[in-house]
Amino acid sequence: MAAGDFAGAFSALVALREPVDRFFTGVVVMDPDVDRRRTRLGLLSLVRRCFAPLADFSRLQETPGPSA
């Protein structure tokens, strides 16, 4: 982004979709273990800081999953 390569930055953001989706479906972020919770919140904060200039993550909404 510092070099003005916003297309490359957006490509990197898109490439993270699958791992971030897996993170939210496979990990309990608010784990009862304080150290795990702190580490997981730290990871989310890092992702947010990296892409804050490109995307406003506060605008994300949960989408309903398939019916059981």
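Phe 10 is partly exposed, at a relative accessible area of 39%, where buried denotes under 20% relative accessible area, exposed over 50% and partly exposed the range in between (1.4 Å probe, protein chains only). The structure is a predicted model, in which local features require pLDDT of at least 70 and side-chain atom pairs count only at pLDDT 80 or more, whereas totals for chains, interfaces and linings use all residues. Residues are numbered from 1 along each chain as its sequence is written, and side-chain values use heavy atoms, with hydrogens and water left out.

The protein contains three helices and zero strands, arranged along the sequence in the pattern α-α-α; helices (H or I, at least four residues) and strands (E, at least two) are taken as DSSP runs and numbered from the N terminus. Of its 68 residues, 10% count as buried. With contact defined as heavy atoms within 4.5 Å, 39% of the contacts between residues at least 6 apart in sequence join residues at least 24 apart.

Phe 10 is located in helix α1 (residues 6-15), and together with Met 1 and Phe 6 it forms a nonpolar patch on the surface, with about 280 Å² of accessible area in total. Elsewhere, the structure holds one aromatic pair. This pair is formed by Phe 23 and Phe 24 in an edge-to-face arrangement, with 5.6 Å from centre to centre and 85° between the planes; rings of Phe, Tyr and Trp (its six-membered ring) pair if their centres lie within 6.5 Å, and planes under 30 degrees apart count as stacked, over 60 as edge-to-face and the rest as tilted. Phe 23 counts as buried, at 17% relative accessibility.

Five salt bridges are found in a search of the whole structure, the criterion being a side-chain nitrogen of Lys or Arg within 4 Å of a carboxyl oxygen of Asp or Glu. One of these joins Asp 21 to Arg 17, with the closest N and O atoms 3.2 Å apart. Both residues lie in helix α2 (residues 17-26), four residues apart, or about one turn of the helix; Asp 21 is partly exposed at 38% relative accessibility, while Arg 17 is exposed at 61%. Arg 38 and Asp 35 likewise meet through their side chains in a salt bridge (3.6 Å, N to O), and they are separated by about one helical turn because they stand three residues apart in helix α3 (residues 34-51). Arg 38 is exposed, with a relative accessible area of 55%, and Asp 35 is exposed at 53%.

A network of salt bridges links Asp 31, Arg 36 and Arg 40. Asp 31 occupies the loop between α2 and α3 and counts as buried, at 10% relative accessibility. When residues up to four places away in sequence are not counted, Asp 31 touches Arg 36, Arg 37 and Arg 40.

Key: Patch = residues over 30% accessible without salt bridge, like charges linked within 9 Å, V, L, I, M, F, W, Y side chains within 5 Å. Areas by Shrake-Rupley, 256 points an atom, 1.4 Å probe, with all protein chains shown as cover.
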